[in-house]
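Dear colleague,

Please find below the structure I said I would pass on. My notes on it follow directly after.

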Amino acid sequence: MKFRKSLLAAAALVFGLATVSAQAADTVRVGLVVKSLGNGFFEAARDGAMEAAKELGNAEVIYTGPTSTTAEGQIESINALMAQHVDAIAVSANDPDALAPILKRAMQRGIKVISWDSGVAQDARIVHLNPSSNALIGAMCIKLAADVAGQDGGKLAILSATPTSSNQNIWIDEMKKVLPDYSQLDLIDTVYGDDLADKSYRETVALLKKYPDLKVIVAPTSVGIVAAAQAVEDQGQVGKVYVTGLGLPSELAGHVDAGSVKSFAIWNPIDLGYSAMMIAYKLTQDPKETQFIEVGRMGPISFDADGNGAMSDPFIYDASNVHKFAKIF
Ligand code: RAM
């Protein structure tokens with residue numbers, strides 16, 4: 001920031017640019033790197049980050065990411081942000097390890113790096129913001145599956161995002177921890193749709209063909225859950241196979257109406273983007289405060305010794321409330 005400020009001051013002197021204000025140079029620029037562009041979940045998070053920037057007054061969000069959910073694409077986005085001399089980077093990672101070298105380089109250059117939603121290796125960021133307690137998210141997904149499967153239970157499959165998404169992998173581990181408490185549920189497969197609508201759809205159709213007695217698909221991804229619901233409807237399996245997991249009310253209301261989804265969960269993605277932006281900004285102002293960060297309207301968020309913090313609890317949506325929340329995110 002200081003370097004940019006002196007460069008701008010020099011430019012003002014040399015070229016007589018009296019209008020280059022100190023305020024513009026003081027703007028804190030935060031690169032918000034998402035798993036991929038075109039994902040409604042991240043677009044809602046972007047809106048929250050922009051709200052935080054407005055509230056802060058001297059902050060700017062640079063929303064970026066690859067068109068597909070690859071680590072390579074994210075490395076390109078991060079390189080571009082470094083070339084723009086941003087002050088902070090807040091990333092939801094497609095791969096915790098592949099991004100580590102470039103993020104460490106960014107930190108060596110003074111850029112404050114955090115991860116949010118999907119974490120990176122601990123030494124490649126200052127803190128990581130989980131949307132909620134990972135154990136709670138995993139337990140909630142299985143509880144929703146058990147509820148919809150009823151007393152008789154049945155076969156369960158998981159449709160995840162990419163195999164290297166740290167958030168989905170942690171949630172799946174948490175699901176497996178509670179599954180022994182649900183003897184009526186039988187986890188028979190885990191497949192990956194890579195947070196691509198068409199691949200998630202194809203993987204679901206393949207699951208339906210491979211396991212004719214499948215009862216529930218748990219998709220802990222907002223892209224996967226929509227594709228799975230659509231596939232169940234298109235294959236004429238409504239009422240026989242149910243889809244649950246994590247998704248956006250705005251993208252699932254129609255599928256709740258269609259009956260392929262009875263209930264699902266999510267935290268507020270607008271709040272998550274807002275919080276990530278606030279935390280990244282605060283670290284540029286007070287880099288030593290990494291344990292207890294004031295996050296505007298969300299209140300304080302505390303981070304443990306490993307730098308992990310959680311925002312808030314997920315909320316459950318069903319026919320009674322999905323249309324109301326569909327107007328928000
Ligand atoms: C997708 C992404 C994101 C996840 C949500 C629930 O949009 O995989 O990382 O948090 O689903």
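In which sense do strand β5 and β13 pair, and over how many bridges? Strand β5 (residues 127-130) pairs with β13 in the parallel sense, over three bridges. Among the residues involved, Asn 130 has Ala 310 in β13 as its bridge partner. Please keep in mind throughout that this is a predicted model.

The six-stranded sheet

The pair β5 and β13 belongs to an open sheet of six strands, ordered β2-β1-β3-β4-β5-β13, with parallel pairing. The edges are taken by β2 (59-64) and β13 (308-310); each has a single partner strand, so one side of each is left without a neighbour in the sheet. On average, neighbouring strands of this sheet are turned by 20 degrees against each other, direction ignored.

Strand β4 of this sheet contains Lys 112. A polar atom of the Lys 112 side chain lies 3.5 Å from the backbone oxygen of Gly 110. If neighbours within four places in sequence are left aside, Lys 112 is in contact with Asp 87, Ala 88, Ile 89, Ile 126, Leu 283, Thr 284 and Pro 287. Ile 266, by comparison, is 154 residues from Lys 112 in sequence and 28 Å from it in space, C-alpha to C-alpha.

The aromatic pairs

The count of aromatic pairs comes to nine. One of them is formed by Phe 42 and Trp 116, which are edge-to-face, with 5.9 Å centre to centre and 85 degrees between the planes. This pair links distant parts of the chain: Phe 42 is in helix α3 (residues 40-56) and Trp 116 in strand β4 (residues 112-116), 74 residues apart.

The four-stranded sheet

There is also an open sheet of four strands, in the order β7-β6-β8-β9, again with parallel pairing. Here β7 (185-192) and β9 (242-245) stand at the edges with a single partner strand each, so one side of each is left without a neighbour in the sheet. From one strand to the next, the twist averages 25 degrees.

Strand β8 (residues 214-219) runs parallel to β9 and is joined to it by four bridges. Val 216 has Tyr 242 in β9 as its bridge partner.

Two helices lie across strands of this sheet:

- Helix α7 (residues 166-178) lies across β6 (154-160), β7 and β8, and runs at about 165 degrees to β6.
- Helix α9 (residues 222-234) lies across β6, β8 and β9, and runs at about 175 degrees to β9.

The ligand

Which residues come nearest to the ligand? There are 13 residues around the ligand, and those that come nearest are Lys 35, Asp 117, Gln 168, Asp 195 and Ser 222.

For Lys 35, a polar side-chain atom lies 2.8 Å from a ligand oxygen. For Asn 167, the distance from a polar side-chain atom to an oxygen atom of the ligand is 2.9 Å. For Gln 168, an N or O atom of the side chain is 2.8 Å from an oxygen atom of the ligand. On its own the ligand has 290 Å² of accessible area, and the protein covers 100% of this.

Best regards

Technical notes: Residues numbered from 1 in each chain as written. Predicted model: local features only at pLDDT ≥ 70, side-chain atom pairs only at ≥ 80, totals over all residues. Heavy atoms only, no water. Pairing = 2+ DSSP bridges. Axes fitted to C-alpha atoms, helices over the stretch in contact; angles between N-to-C directions. Contact = heavy atoms within 4.5 Å. Near = heavy atom within 4 Å. Polar contact = N/O pair within 3.5 Å; in protein donor to acceptor, adjacent residues only side chain to side chain. Areas by Shrake-Rupley, 256 points an atom, 1.4 Å probe, with all protein chains shown as cover. Phe/Tyr/Trp six-rings, centres within 6.5 Å; stacked < 30°, edge-to-face > 60°.
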